[in-house]
Amino acid sequence: MSSEIPHYSMVIDGELVGQGPDNVILDPFDNTSVGTCPEGTAQDVDRAVSAARAAQPGWAALPDEERAALCRAVAQAFEAHAEELATLITREQGKPLDAGGFGSRFELGGCIGWSMATSAQSLPDRTVLDEGGVRAVEKRVPKGVVASITPWNWPLLIGTWHLLPAIRTGNTVVMKPSPFTPLSTLRAAAILSEVLPKGVFNVVTGGGEVGAHLTAHPDVDKVIFTGSTATGKKVMQSAAESVTHCTLELGGNDPAIVLPGAPVEAMAAGLFFGSFINAGQTCGAIKRIYVHEADHDALAEAMANIARGTKVGHGTEADSAMGPLQNAPQRNKVKALTDAAVASGAKLLAGGEQVGQGLALSPAILGDCTQDMDIVRLEQFGPAIPLVRYGDIDEAVAMANDSEYGLCASVWGAPDQAAQVAERLVAGTVYINTHAELHPMVPFGGRKASGIGVQFGEEGLKAFTDAKVVYERTPA
Ligand code: NAD
């Protein structure tokens with residue numbers, strides 16, 4: 001192993017822990033080494049939880065404005081190291097630096113923006129009853145130690161979505177990033193250890209076993225998990241042992257319905273973006289498109305044209321619009337789903353080809369797909385989008401809702417008609433003439449198997465607190 005490869009340690013109680021280069025993280029586009037990191041253990045989790053536990057009362061006791069200022073300092077630290085962190089994300093995750101404004105620099109912009117927005121949020125005491133000499137005041141108090149488990153698609157942005165509301169409300173955090181993309185989180189934690197008091201933000205590396213040890217830990221008071229539905233179920237089971245509150249942001253299979261007669265050529269770019277942001281490796285990306293049978297061919301061709309002009313390349317090359325799949329299992333899954341769809345009669349109008357020597361595939365547009373195909377039924381989570389024809393809008397709504405998932409959905413067409421169709425879709429977020437937009441003040445969460453609870457906005461912040469009510473009767 002070359003000594004030039006940088007090493008990224010865990011951060012526990014403000015200290016860099018684990019100098020052993022147990023794991024080498026490879027660039028998914030070209031298989032070059034990005035960095036090394038240690039493999040965390042159950043003992044590391046125990047140490048991190050103890051550190052978080054010890055730090056929590058002091059952190060919660062800080063005046064609210066002081067905690068807000070330290071959260072702003074987190075945003076400033078992200079800003080000061082934005083280019084370094086964006087480049088590290090591009091190297092370990094694959095998304096280009098720019099990607100038309102939605103690459104790793106955008107991810108850092110989100111980290112800064114969400115940190116600033118969360119700093120400005122607060123949950124003041126609320127008088128909920130005041131009558132007949134009785135007053136009840138609801139306070140929101142921190143839960144305590146938060147366990148955070150993150151995935152590999154937007155590693156630092158999702159980490160920020162977990163960290164900031166947790167610490168803003170007086171909790172301390174132990175985070176376990178995905179073993180596929182741990183480096184940006186480890187580097188961010190090292191940077192933030194210069195900003196936050198010891199023990200407030202700890203990061204332990206490792207895979208499912210380390211994650212399971214963390215979510216089942218008896219000294220953890222809240223679990224926030226973003227990842228697949230299959231793992232989310234295990235997390236919920238393990239948290240049940242200690243009756244620990246969970247926020248689960250899980251998988252999705254977002255439908256987009258294009259209304260009959262909609263201007264499909266004009267909408268193709270929006271539908272393409274919504275499907276292929278981060279090479280489709282986005283929970284809230286479009287995963288299947290329902291288009292009226294009369295408009296199918298025009299939309300398929302317009303999207304195929306965009307696909308043919310999309311440069312897939314290494315993320316540090318300025319003209320790369322799309323990067324690789326992040327890991328081999330995901331790449332193989334997308335390839336297998338695409339091949340199976342074609343074998344069952346789907347038309348591959350563009351893409352689906354290997355690019356370079358690593359894990360990149362060109363964006364695939366699959367026309368004439370049917371509802372029973374796996375690429376329509378399952379979450380492909382990659383650069384391949386199926387188009388399905390429908391005859392009438394009832395059929396489109398029925399197919400869109402025919403899924404175990406309920407994360408996001410979108411309707412494309414005249415706004416009034418689209419709003420009526422949106423009412424009928426079962427999803428946490430329904431977009432009209434757009435998709436995959438998020439805002440720190442707008443609640444985001446999934447229905448059905450896409451999750452429990454929401455992030456962002458007041459509701460998202462409250463999820464890191466418990467209600468504590470002070471009930472007071474005025475003496476007669
Ligand atoms: P994953 O479920 O495989 O892994 C997520 C994390 O869980 C990783 O850190 C992993 O090490 C950890 N883990 C694995 N087994 C565990 C266990 N038993 N206990 C605790 N932790 C465990 O998911 P992934 O492949 O990293 O991410 C892709 C999935 O995430 C997709 O399904 C995607 O839709 C979903 N996702 C959802 C959202 C959302 O907001 N709803 C956002 C991003 C990604």
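Modeller: Let us begin with the second largest pocket of this predicted model, which holds about 370 Å³ of space. It is lined by 20 residues, and those closest to its centre are Phe106, Ile277, Ala436, Glu437 and Leu438.

Colleague: What is the general idea behind finding such space?

Modeller: Rolling a probe the size of a water molecule over the atoms shows where empty space is left. In the present case, α4 (104-119) and α5 (155-168) each supply at least two residues of the lining of the second largest pocket. That lining divides into 15 nonpolar residues, four polar and one charged.

Colleague: What is the volume of the largest pocket, and which residues lie nearest its centre?

Modeller: The volume of the largest pocket is about 860 Å³. Its lining comprises 38 residues, with Trp152, Phe225, Gly227, Ser228 and Thr231 nearest the centre. The lining of the largest pocket divides into 16 nonpolar, 16 polar and six charged residues. This pocket also lies between domain 1 and domain 2, because both give residues to its lining.

Colleague: Which element supplies the largest share of that lining?

Modeller: Helix α8 does, with six residues. At least two residues each come from α7 (208-215), β10 (222-226), α8 (229-241) and α11 (328-343).

Technical notes
Residues numbered from 1 in each chain as written. Predicted model: local features only at pLDDT ≥ 70, side-chain atom pairs only at ≥ 80, totals over all residues. Heavy atoms only, no water. 1 Å grid on protein atoms, 1.4 Å probe; cavity = no way out; pocket = protein on both sides within 12 Å on 5 of 7 lines; lining within 4 Å. Points joined across faces, edges and corners; volume = space filled by probe spheres on them. Helix = DSSP H or I, 4+ residues; strand = E, 2+ residues; numbered from the N terminus. Nonpolar A, V, L, I, M, F, W, Y, C, P; charged D, E, K, R; others polar. Domains from an automatic or database assignment.
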